[in-house]
Amino acid sequence: KRNNYQHAMQLYKQSLQTDQMEDSSLKLQRALTLEHIGNVHTELEEYDMAMKAYTDALATKEGTLGKDHPSVARTLVCVGNVHALRNDHENAMQLFEEAKKSQEASLGSEHVDFATTLNKIAMVQSMMGGFEEAMALFLRVLAIYTSSFGPDHPEVAYTLVKVGEIQLHWDELDSSMATFSEALRIQTTTQTPDHLDIGDTYVHIGDVHVKRHQFLEAQSLFEQALHSYKTGGLVESHMRVKVVHEKIGSKGGDSAFDPTFCTGGWMCGTSVGILDFNREKKVQNEEQTITSYLSEWFGQ
């Protein structure tokens with residue numbers, strides 16, 4: 001909850017004060033603490049402070065571990081996240097690609113860190129309208145996460161949401177509903193009811209109902225999302241809350257997500273889909289490929 005964010009920040013800053021020694025292990029602990037601080041600032045939409053925390057962590061890691069270490073690549077992704085949230089797609093993509101190259105060399109192309117970076121690249125591609133390329137990457141990430149974590153894991157759910165977002169943009173309403181519903185099933189069995197990701201998925205399912213002109217069902221889901229957000233600690237001025245209020249007031253609006261809607265997806269080590277729906281539908285052969293993959297996924 002938001003009060004817990006403030007308490008967490010206090011604890012992290014106290015930890016920084018005790019991590020000033022020159023020992024390398026303490027330096028790395030300090031860098032990790034800075035990343036946690038950056039995550040809190042990101043969730044609170046305080047991007048300047050998040051950037052400072054992440055870049056300080058990056059400098060510490062590079063000086064201690066060298067630039068080619070996997071931990072350095074993870075922090076590069078953190079910095080790229082903030083650029084993406086600021087709609088600085090070029091710098092975000094540059095950092096993600098740098099992290100991807102490093103991770104592929106040090107960890108291999110089936111590692112979950114590599115997959116998470118692919119996820120970030122796909123999210124930026126989606127924001128820029130590259131939905132076909134993004135879908136291909138999301139499906140690759142889905143396969144890696146499922147192999148590594150098993151089918152009922154939050155990271156799998158996050159990636160299913162991404163797939164569902166693109167399906168929704170392409171007006172594949174039945175497919176998107178099935179994908180979002182599977183994501184919600186995983187989330188409600190692995191996360192607490194006030195988890196922000198669950199609220200996000202309620203919004204997506206509500207958007208499907210809007211496109212079906214089922215406004216009462218959509219409003220009910222938007223209200224469930226608001227409940228999740230508020231019990232999860234978000235205030236009225238937070239982007240998630242504001243967007244859902246707008247959807248309720250306009251009976252769902254045009255179902256288009258602001259690129260900064262789901263800040264949780266840009267925190268280090270997490271994956272939540274963010275799409276700006278404004279691109280034409282993909283070609284028929286790509287539809288068949290994706291439909292076939294998801295049919296195998298759901299056992300249909």
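Predicted model: local features only at pLDDT ≥ 70, side-chain atom pairs only at ≥ 80, totals over all residues.
The chain has 13 helices and zero strands. Read along the sequence, its pattern is α-α-α-α-α-α-α-α-α-α-α-α-α. Of the 300 residues of the chain, 54% count as buried.

The largest nonpolar core holds 67 residues. Within this core, Phe138, Ile166 and Tyr229 touch the most other members. Helix α7, residues 131–149, gives the most to the core, with ten residues.

Packed helices are described by the angle between their axes and the distance between the axes.

Helix α3 covers residues 47–65, and helix α4 covers residues 70–85. They pack at an angle of about 160°. Their axes are 9 Å apart. An angle over 145 degrees counts as roughly antiparallel, and α3 and α4 are therefore roughly antiparallel to each other. Their crossing is left-handed. On the α3 side, the contact is made by Tyr47, Ala50, Met51, Tyr54, Thr55, Ala57, Leu58, Lys61, Glu62 and Leu65. These meet Ser71, Val72, Thr75, Leu76, Cys78, Val79, Val82, His83 and Leu85 in α4. By class, this contact has 13 nonpolar, four polar and two charged residues.

The second pair joins α10 and α11. Helix α10 spans residues 196–211, and helix α11 spans residues 215–231. The angle between α10 and α11 is about 165°, with the axes 8 Å apart. The two helices are therefore roughly antiparallel to each other. The crossing of α10 and α11 is left-handed. From α10, the residues in contact are Leu196, Ile198, Gly199, Asp200, Tyr202, Val203, Ile205, Gly206, Asp207, His209 and Val210. Their partners in α11 are Phe215, Glu217, Ala218, Leu221, Phe222, Gln224, Ala225, Ser228 and Tyr229. The contact of α10 with α11 divides into twelve nonpolar, five polar and three charged residues. Tyr229 of α11 is also one of the residues that touch the most other members of the largest nonpolar core.

Helix α10 also packs with helix α12, residues 239–249. The axes of α10 and α12 come within 12 Å and cross at roughly 25°. An angle under 35 degrees counts as roughly parallel, and α10 and α12 are therefore roughly parallel to each other. This crossing, too, is left-handed. Leu196, Asp197, Asp200, Val203 and Asp207 of α10 make the contact with Arg240, Val244 and Lys247 of α12. By class, the contact of α10 with α12 has three nonpolar, no polar and five charged residues. Leu196, Asp200, Val203 and Asp207 take part in this contact and also in the contact of α10 with α11.

Gly206 gives a local view of α10, the helix in which Gly206 lies. Its relative accessibility is 0%. Buried means under 20%, so Gly206 counts as buried. Leaving aside residues up to four places away in sequence, Gly206 touches Ala218, Leu221 and Phe222. Ala218, Leu221 and Phe222 are among the α11 residues that meet α10. Gly206 and Lys247 are 41 residues apart in sequence. In space, their C-alpha atoms are 9.4 Å apart. Lys247 is one of the α12 residues in contact with α10.

Key:
Residues numbered from 1 in each chain as written. Heavy atoms only, no water. Core = buried A, V, L, I, M, F, W, Y, C linked by side-chain atoms within 4.5 Å. Buried < 20%, exposed > 50% of the residue type's maximum accessible area, 1.4 Å probe, protein only. Helix = DSSP H or I, 4+ residues; strand = E, 2+ residues; numbered from the N terminus. Axes fitted to C-alpha atoms, helices over the stretch in contact; angles between N-to-C directions. Parallel < 35°, antiparallel > 145°, perpendicular 65-115°, else oblique. Left-handed = near helix turned anticlockwise from the far one by under 90°. Contact = heavy atoms within 4.5 Å. Nonpolar A, V, L, I, M, F, W, Y, C, P; charged D, E, K, R; others polar.
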